[in-house]
Amino acid sequence: MRVASSLKTLEIQTDSCVLLSGIDFAFANCSSFSWFSDSAQTILEKEEDTMKRYKRVICALLAGVLLCGALSLAAPQEGGSPETQAEIPQLLLNPEEAVEYGMKVNDRVQLRAPDSTETTEEPDNPAEPGSGSSEQPEADEILWRSDNPDVVSVTEDGLVTALAQTETPVEVAGRRENGEVLVCRITVSGYAVTGLTLKPERSTMQVGETQTISADIEPEQAADAALTWRSADEDILTVTQDGTVTAVGEGTTDLFAEAENGLSAKCTITVSGWLLTGFSLEPSAVQLKVGETKQLAAKPQPEGAALGTLRWTSGSPSVASVAQDGTVTAKAAGTAVITAANADGKTAASTVTVTGTGTGEDKVTAITLNRKTLTLTVGGAETLKATITPKQLQNTPITWKSSNAAVARVDKNGKVTALKAGSAVVTASAGGVSAQCTVTVKKKTVSGGIPSGGTTTPTVPGNPGSISVPTGVTGVTGVTGGAGILYLPGTLIPADSVRQYTMPQYIPDTVFLTIDSDMSSNIVSILSVLESAGVRATFFVPVENLYASDDLLRHIAGDGHSIGLLLTRTQAEANPVELLNSANETLSVITGTPTRLVRIAGGSAGNLNSAAAQAIRAGGYRLWDWSTAPRSYEAAVSAINRTGSVTVRFDSSANTASVLQQLMPYMKYCGIPARGIGAGDTPICQTP
């Protein structure tokens, strides 16, 4: 028997008869299938086998038709969907024991039975020698069933589909003609992906650009299913497993995402051009004379990236203006920064220096200040104004300097700030000439005055110390003694019409105020608070790079505060004496006074071993820890409510200035003495 490749004609070749013809099976894509028998007479010779052989012919014909149709459906169709359908796995069952298998809802699996023809029995009618064909063993028929078809269904061909989740395994069984039973126990958990669509934000990208591809997954229950991402051409696009795509080269390629069951989808992205990462202006520095022009050019990074429209501006239009094509025009002596910005906010700059008119009038001949003398109170400030001659050089940069930064400091704009009582000379320089202003700083006076205090030595249980008692305060019950009023512990002390303080139980002999400084700008605020209160403290400063803080160190020393050296744990255990000696030399050059006070950052306990401590002491230095380190006004008040001496540690944060601003008046009105560490004071150290 032969089936034509077109399947439009089916013929059984016998001596004289045609069984079937003219049947159109409509499977144009199928390959040819042929079944042969040497002679119809051979079939008819054994009547007992006739029906059996016809059955084989028909079964083989149907199998061929089904296979041909399946191949036709599976073949790629022109213009079809880019999605790849989920693969159907094959599961071979074991007749000797049940097979356990896990699935997800919407998953399918094809059950297969072991080949029943693995026996070596001879066929009933072996093919005759030389006939060119042999008889194939007859295929087994298997009856399939599911014990819960609402959860797991099975077709008569053994194709299993998971329909719903279940905690109890569903048993799918098949019975062969010989009575043999094949069993598969299937558990269904989770949902398989049945639909997948990729949605890029942009279908075109630039080299260097990134985007994250989103994926629409069906059903909704499988929305969190893991996907495997890949790029068809990693020289154009790379992709991470979260769907983040990076364009690395120009061209067009596909991105694929594939679910666990083999279902996949793709999207096509074209990469063209380069993403702008920045740009520069050339030349980056320009020197012009008044009246001259120069066009600046913007150079993209990387080369070839699109700049877009740039917006040009000048930081000093009176010195140099700029047109929107980048052309700079010099207008007056001075310096101007020309900036170009694109729509994405990326910027580049070029510095333009204008030196004069080119007519010989290009030098500063004089500079004058609006004030020759200036008087300020501590905390006050005023800005000096400088005038340069000739007028066309008015924008020449000016350098400002104070002869005594501890008394009055000056910034780059000529603003003078009074820090403590004294005098200083502020100098403004430009083009080789200068002008000066003498600044006098006076102490700040408090309106209405502050009650002065006397000292008495009363006998108070548990407090042998003296108490500073304000005079001029009346109307409060107390014990009169000496020069004023003695307030007992717990008594409210009126400081003014608003404030009042509660007298503490104990008054310490001395409170040593210490600040561990990082040499930040907060130190100036702390110094101002201490200066206003008339109190001195000890500032422990880092040993490295002291020259970078020379003005601040002179300010600290100039205000009468003592200075100590602050070591880190690593520095203390390396070669501490050498570090301390070197820092001391530098400190002597800056302030004129060396120090022997040393503190370990974080305290010596646990940060300094005995050997290092002994080495530091042997070098002539004195280690100082602290008794308390309050972070608030209330904590500080509580910490100093004791007898004897107390060493208080503060850091150099803005919070310290706030705490001291509240603490200083309290200590003054309660008669609590506060000062910095002196050379003869006995140090507190936790490391022997």
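Author: A salt bridge here is a side-chain nitrogen of Lys or Arg within 4 Å of a carboxyl oxygen of Asp or Glu. The model discussed below is predicted.

Reader: In helix α4, how many residues apart are Arg 554 and Asp 551?

Author: The side chains of Arg 554 and Asp 551 meet in a salt bridge, with N and O 2.8 Å apart. Both residues belong to helix α4, which spans residues 550-558. Their spacing is about one turn of the helix, or 3 residues.

Reader: Is Arg 554 buried, partly exposed or exposed?

Author: Buried means under 20% relative accessible area, and exposed means over 50%. Arg 554 has 35%, so this residue falls in between.

Reader: How many salt bridges does the structure hold?

Author: Side chains of opposite charge can pair when their charged atoms come close. Some of these bridges join into a network, as with Glu 100, Glu 171 and Arg 185. For the structure, the number of salt bridges is 18.

Reader: How many residues apart are Lys 104 and Glu 260?

Author: Lys 104 and Glu 260 form a salt bridge, and their closest N and O atoms are 2.9 Å apart. Lys 104 sits in strand β5 (residues 99-105). Glu 260 sits in the loop between β19 (251-258) and β20 (264-274). The pair thus links distant parts of the chain, and the separation is 156 residues.

Reader: Is Glu 260 buried or exposed?

Author: Lys 104 has 28% relative accessibility and is partly exposed. The relative accessible area of Glu 260 is 68%. The cut-off for exposed is over 50%, so Glu 260 is exposed.

Reader: What parts does the salt bridge of Glu 382 and Arg 371 tie together, and how many residues apart are they?

Author: The closest N and O atoms of Glu 382 and Arg 371 are 2.8 Å apart. Glu 382 lies in strand β32 (residues 381-383), and Arg 371 in the loop between β30 (366-369) and β31 (373-377). Glu 382 is partly exposed at 27%, and Arg 371 is partly exposed at 30%. The bridge ties together a strand and a loop, and the distance in sequence is 11 residues.

Reader: Which residue in β9 stands opposite Val 154?

Author: β8 pairs with strand β9 (residues 159-162) over 3 bridges. The sense of that pairing is antiparallel. Opposite Val 154 stands Val 160.

Reader: At what angle do the axes of α3 and α4 cross?

Author: Helix α3 covers residues 522-533, and its axis comes within 11 Å of that of α4. Ile 523, Val 524 and Leu 527 in α3 meet Leu 552, His 555 and Ile 556 in α4. The residues of this contact are 5 nonpolar, 1 polar and no charged. The axes cross at roughly 10°.

Reader: Is α3 roughly parallel or roughly antiparallel to α9?

Author: α3 and helix α9 (residues 654-669) have axes 8 Å apart, at an angle of about 5°. That angle is under 35 degrees, so the two helices are roughly parallel.

Reader: How many nonpolar, polar and charged residues make the contact of α3 with α9?

Author: On the α3 side, the residues include Ile 526, Val 529 and Leu 530. On the α9 side, they include Ala 657, Leu 660 and Met 664. By class, the contact has 8 nonpolar, 4 polar and no charged residues.

Reader: Which residue in the turn between β37 and β38 has a positive phi?

Author: Strand β37 (residues 422-430) runs antiparallel to β38, and 9 bridges join them. Ser 423 has Thr 440 in β38 as its bridge partner. The two strands form a hairpin with 2 residues between them. A positive phi of about 60° in the turn belongs to Gly 431.

Reader: What is the bridge partner of Leu 376 in β38?

Author: β31 pairs with strand β38 (residues 433-442) over 5 bridges. The two strands run in the parallel sense. In β38, the partner of Leu 376 is Val 441.

Terms used:
Residues numbered from 1 in each chain as written. Predicted model: local features only at pLDDT ≥ 70, side-chain atom pairs only at ≥ 80, totals over all residues. Heavy atoms only, no water. Helix = DSSP H or I, 4+ residues; strand = E, 2+ residues; numbered from the N terminus. Buried < 20%, exposed > 50% of the residue type's maximum accessible area, 1.4 Å probe, protein only. Pairing = 2+ DSSP bridges. Axes fitted to C-alpha atoms, helices over the stretch in contact; angles between N-to-C directions. Contact = heavy atoms within 4.5 Å. Nonpolar A, V, L, I, M, F, W, Y, C, P; charged D, E, K, R; others polar. Parallel < 35°, antiparallel > 145°, perpendicular 65-115°, else oblique.
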